[in-house]
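Good morning, and thank you for joining.

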Amino acid sequence: GENLCTHEIEVYAYAILPQRGIEMECILHIGTEKTGTTLLQDWMYDNINELGENGVYLSRNLEFPNNRLLPSYFQGHLDEWAFQKKITTQALKQEFFDGFVERFRSEVDEVSGRFSHFIITSEHFHSRLIKKDEIRNLFEVLNSCFEKVKVICYFRNQFDVAVSLYSTALKSGLSATLDEFLDRATPDNYYYNYLRIADQWSDVFGARNCDFRVFNPESFLEGDLRKDFIKAAAPSLNLENLNYLRNRANESLTSFQAAAFRAVNAKVPYWRDGMAGINERNLTLQGTFLGLEELKIGKISSHRRDEVEKKFRIVNELFFKQHFQSDNLFHKTQSREEAAAQKTTSCECAIEAALRATLSSHTRLLSEGRINFVRDLALKIKSGQPLNANDALELMKVALVARPEGAFIRDKVAEWSEDISGKEK
């Protein structure tokens with residue numbers, strides 16, 4: 001994450017010390033994703049001094065403004081965060097996090113008694129901690145550090161989440177169409193099943209310690225997500241002392257930019273070979289198309305709202321009845337962009353086709369090393385030589401280059417890399 005400047009740290013550490021002897025409560029903001037989390041996180045760290053004066057502490061050791069380190073430590077699988085840091089096996093992850101819990105406890109001990117609230121925020125608690133044991137392990141650590149832990153989570157209509165998430169997925173290497181992406185929005189997918197998510201977190205942390213909220217601007221305090229969240233976290237906090245200049249973050253792609261990103265991701269892999277970091281050429285091309293004014297047209301949208309919402313009708317009814325004692329609180333809205341979703345499709349297709357053709361003439365999907373490997377493997381098979389685990393791993397890495405968004409392929413690369421690494425020790 002970012003680093004606080006020396007001046008900010010000095011002011012924060014020495015000039016604004018709340019009274020000692022205050023019992024400190026942990027506020028665990030777990031998401032969900034696509035509910036303004038980036039805006040909230042950026043805004044809170046913009047106001048780190050002002051919040052400190054009001055007894056609210058923000059961690060400086062969990063990465064920030066997204067405190068991603070904590071969910072990453074407890075999740076059982078490796079993801080793009082790990083791959084960006086060149087963590088490709090569980091052994092490398094263990095090495096990276098050596099002493100992590102002890103450092104976290106020390107930070108809590110250092111500020112205990114001086115602050116009333118310790119806020120931890122990351123939407124990746126929602127999306128990465130999908131097993132109950134992972135959530136329970138997190139609870140045990142937090143419960144040993146704080147007198148009380150309160151979970152805050154916002155839930156948003158699944159269709160709106162999927163459309164918003166599609167833009168983020170394109171920035172991370174996805175080349176699928178919006179329709180293909182929307183097909184993944186089903187109750188079987190834990191990411192979108194709010195009943196399962198709420199059940200797991202309330203079972204572990206206790207229902208009375210979970211503050212579940214609907215992501216709806218009309219229901220926010222003064223129509224402002226930032227005020228709504230911070231009042232839920234620290235009810236006695238004075239909102240007037242905070243800076244509200246930052247009001248936008250993590251903006252979505254336009255429909256024309258989305259077409260360009262699909263073409264780039266299809267022809268220029270987002271990941272380097274073997275998931276060893278991000279391909280700089282892909283990022284350069286993405287940046288180029290983001291800067292083109294001619295592509296800042298249209299909004300990513302779909303006419304399939306009714307279809308997607310129908311899939312979740314039953315599970316959402318159970319979710320709201322169990323955790324809100326209410327009927328479905330997701331108000332059905334259809335934007336003008338959705339109603340006219342088909343109008344820009346032909347233009348998007350033309351942009352994508354033109355860019356794919358252009359990139360094909362300048363881009364080689366596989367590196368020289370990968371091409372040589374496939375060639376040698378074919379010769380090996382032809383001559384009847386036995387294949388080994390390394391051959392299987394390298395071949396799966398080739399598949400990953402061709403399909404970087406493939407979760408199954410990515411998981412197998414991580415799993416087999418770890419197996420081979422373990423046998424070599």
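First, the conventions. This is a predicted model, in which local features need pLDDT of at least 70, side-chain atom pairs count only at pLDDT 80 or more, and totals for chains, interfaces and linings use all residues. Residues are numbered from 1 along each chain as its sequence is written, and side-chain values use heavy atoms, with hydrogens and water left out.

The chain contains 22 helices and 5 strands; these are DSSP runs, H or I of at least four residues for helices and E of at least two for strands, numbered from the N terminus. Of its 425 residues, 52% count as buried. Buried means under 20% relative accessible area, exposed over 50%, and partly exposed in between, with a 1.4 Å probe and protein chains only. The accessible surface of the chain is about 20,800 Å², and 49% of that belongs to carbon and sulfur atoms; the areas come from the Shrake-Rupley method with a 1.4 Å probe, and for residues only the protein chains shown count as cover. As for contacts, meaning heavy atoms within 4.5 Å, 76% of those between residues at least 6 apart in sequence join residues at least 24 apart.

Let us turn to the interior. In soluble globular proteins, nonpolar side chains tend to be buried together. By nonpolar core I mean a set of buried Ala, Val, Leu, Ile, Met, Phe, Trp, Tyr and Cys residues joined through side-chain atoms within 4.5 Å. The largest here has 89 residues, and L28, L142, W201 and F205 have the most contacts inside it. Its largest share, 8 residues, is supplied by helix α10, residues 158-171. Apart from this core lies another, of 24 residues, including I27, Y45, F215 and F220.

Which residues does W201 touch, leaving aside its neighbours within four places in sequence? The contacts of W201 are L28, I30, F125, L129, I135, L138, V151, Y190, G206 and C210.

W201 also takes part in a helix packing. The axes of α9 (residues 132-145) and α12 (residues 194-205) come within 10 Å and cross at roughly 35°. Here axes are lines fitted to C-alpha atoms, for helices over the stretch in contact, with angles running from 0 to 180 degrees between N-to-C directions. The α9 side of the contact consists of K132, I135, R136, L138, F139 and L142, and the α12 side of Q200, W201, D203, V204 and F205. By class, that contact has 7 nonpolar, 1 polar and 3 charged residues, where Ala, Val, Leu, Ile, Met, Phe, Trp, Tyr, Cys and Pro count as nonpolar, Asp, Glu, Lys and Arg as charged, and the others, Gly among them, as polar.

Helix α13, residues 225-233, is mostly covered, with 8 of its 9 residues buried. Among the buried residues are the charged R226, K227 and D228. The cover over the buried residues of α13 includes β1 (25-29), α2 (37-46), α3 (48-53), β3 (117-121), β4 (148-155) and β5 (210-214).

Two residues illustrate links across the sequence. E50, in helix α3, counts as partly exposed because its relative accessibility is 26%. E50 and N241 are 191 residues apart in sequence, yet their C-alpha atoms are 6.7 Å apart. Not counting residues up to four places away in sequence, E50 touches N241 and L242.

N316 lies in helix α17, residues 313-323. Is N316 buried or exposed? With a relative accessible area of 5%, N316 is buried. Its C-alpha atom is 9.7 Å from that of Q158, 158 residues away along the chain. Beyond four places in sequence, N316 is in contact with Q158, Y194, N328 and F330.

Finally, the backbone. A cis peptide bond joins G31 and T32, with omega about 0°, and T32 lies in the loop between β1 and α2. Another cis peptide bond joins F64 and P65, with omega about 10°; P65 is in the loop between β2 (56-58) and α4 (69-74).

K86, although not a glycine, has a positive phi of about 60°. K86 sits in the loop between α5 (80-84) and α6 (90-96), and is exposed at 52% relative accessible area. E222, also not a glycine, has a positive phi of about 55°. E222 lies in the loop between β5 and α13 and, at 60% relative accessibility, counts as exposed.
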